[in-house]
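Welcome! Take a moment to look over the sequence and turn the model around on your screen before reading on.

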Amino acid sequence: MRGVFVKPAWSDPSTRRAWRRAARWPLVWLLAGTLLLAVFVFHTNAVADAESELKGYGFRTTATALADSPTTLRCGQVPVAIRYFVDAAVHEADLYVDGCEHQISAGDSIEIYVDRTNPNRFVSDRSDNASPMPQSVAIGALVIGIALFAAAVSGTARFMRIRRILRRAPWVTRDATVMKVQKRGTIPGSTKPADSHLVVALGSDAEPTLLKTAFTVLGHQTIAPTSTVIPLRTAHHGSSWVVARDVDSRPIAAREVRAAWLRDRARRELKTPASD
């Protein structure tokens, strides 16, 4: 006798809409990361072009350092006071150098290239004299842009995995016990909130299937310190799971709990009656 065909979760229009809404976020992260990396590239090119331009037509002169370069705990642009002459006029200004790469002592001679029309605009062979604030913003844009790119790649892979499960498995609605399990090693009496894992228990109390997932599966519902029973939609293919709070909620990937300590604590929690 032929088996009964059960439609996969992906055949449900509300599931597809919820997935598509959620899957937009990696695209947002990708666009934001691209914008931030463009800011970094623009700043880097602008500084390099200005440096090449000044070295090409600027007035070359020798400046004298008036002080040692400051000591810094982290690499970054630090100011060094210098004195130099342009057309017999004396000028004093700060030369910004990398605090880790270049160490300057008072009295050192430094070759600089000065814009005659604006003597406060100059560069040297030791430094492009970039202002520290734009430099810090550009480096921050680079770091955050790379992080957003990584998040976009990771998020896209996760949503593709969710879609693959939804295309193969049907939704099953069941009551699930959801509990917060505190991370082991928490110091009793500490004022710092303990890190918690959200564990979903499916099936019998004797041998439940324990899934670890994100707090967002619950929407805005508050979970008690012990446990809460809520209806969840679940779909799984092999050992891969997807859970959703209701018809229109975002489908979220879940994985079976592997850590022995987390399994033990979750099972003990299931055996503890919820307080009124």
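This is a predicted model: local features need pLDDT of at least 70, side-chain atom pairs count only at pLDDT 80 or more; totals for chains, interfaces and linings use all residues.

The report below walks through this structure, starting with the whole chain and ending with a few single residues.

## The chain as a whole

The protein chain contains three helices and eleven strands.

How much of the chain is buried? Of its 276 residues, 34% are. The accessible surface comes to about 16600 Å², and carbon and sulfur atoms account for 56% of that area.

## Helix H1

Several residues of H1 are buried, among them Ser14, Trp19, Pro26, Gly33, His43 and Leu54.

Thr15 lies in H1, and its relative accessible area is 2%, so Thr15 counts as buried. Which residues does Thr15 touch, if we skip those up to four places away in sequence? They are Ala9, Leu166, Trp171 and Arg233. Leu31 is also found in helix H1, but its relative accessible area is 56%, so Leu31 counts as exposed. Together with Leu27 and Leu30, Leu31 forms a nonpolar patch on the surface, and the three have about 280 Å² of accessible area together.

Phe122 is worth a click. Setting aside neighbours within four places in sequence, Phe122 is in contact with Leu54, Ile82, Tyr84, Ala93, Asp94, Leu95, Ile112, Tyr113, Val114 and Asn129.

## Salt bridges

Side chains of opposite charge can pair when their charged atoms come close. How many salt bridges are counted here? The count comes to seven. In one of them, Arg121 pairs with Glu53, and their closest N and O atoms are 3.7 Å apart. Arg121 lies in strand S5 (residues 118-124) and Glu53 in helix H1, so this pair ties together parts that are 68 residues apart in sequence. Both partners count as partly exposed, because the relative accessibility is 28% for Arg121 and 41% for Glu53.

Arg121 forms a salt bridge with Asp115 too, with the closest N and O atoms 3.2 Å apart. Asp115 counts as buried, because its relative accessibility is 7%. Through shared partners, salt bridges join Glu53, Asp115 and Arg121 into one network.

## The loop between S2 and S3

Another salt bridge leads us to a loop. Asp87 pairs with Arg116, and the closest N and O atoms of the two are 2.4 Å apart. Asp87 is in the loop between S2 and S3 while Arg116 is in the loop between S4 and S5, so the pair links distant parts of the chain, 29 residues apart. With a relative accessible area of 53%, Asp87 is exposed, whereas Arg116, at 43%, counts as partly exposed.

The backbone of this loop deserves a look as well. Most residues other than glycine have a negative phi. What is the phi of Asp87? It is positive, about 50°, although Asp87 is not a glycine. Ala88 lies in the loop between S2 and S3, and its phi is near 70°, again a positive value in a residue other than glycine. Ala88 counts as exposed, because its relative accessibility is 77%.

Definitions and conventions: Residues are numbered from 1 along each chain as its sequence is written. Side-chain values use heavy atoms; hydrogens and water are left out. Buried means under 20% relative accessible area, exposed over 50%, partly exposed in between (1.4 Å probe, protein chains only). Helices (H or I, at least four residues) and strands (E, at least two) are DSSP runs, numbered from the N terminus. Contact means heavy atoms within 4.5 Å. Patches are made of residues with over 30% relative accessible area and no salt bridge: like charges are joined within 9 Å, nonpolar side chains (Val, Leu, Ile, Met, Phe, Trp, Tyr) within 5 Å. Accessible areas come from the Shrake-Rupley method with a 1.4 Å probe; for residues, only the protein chains shown count as cover. A salt bridge is a side-chain nitrogen of Lys or Arg within 4 Å of a carboxyl oxygen of Asp or Glu.
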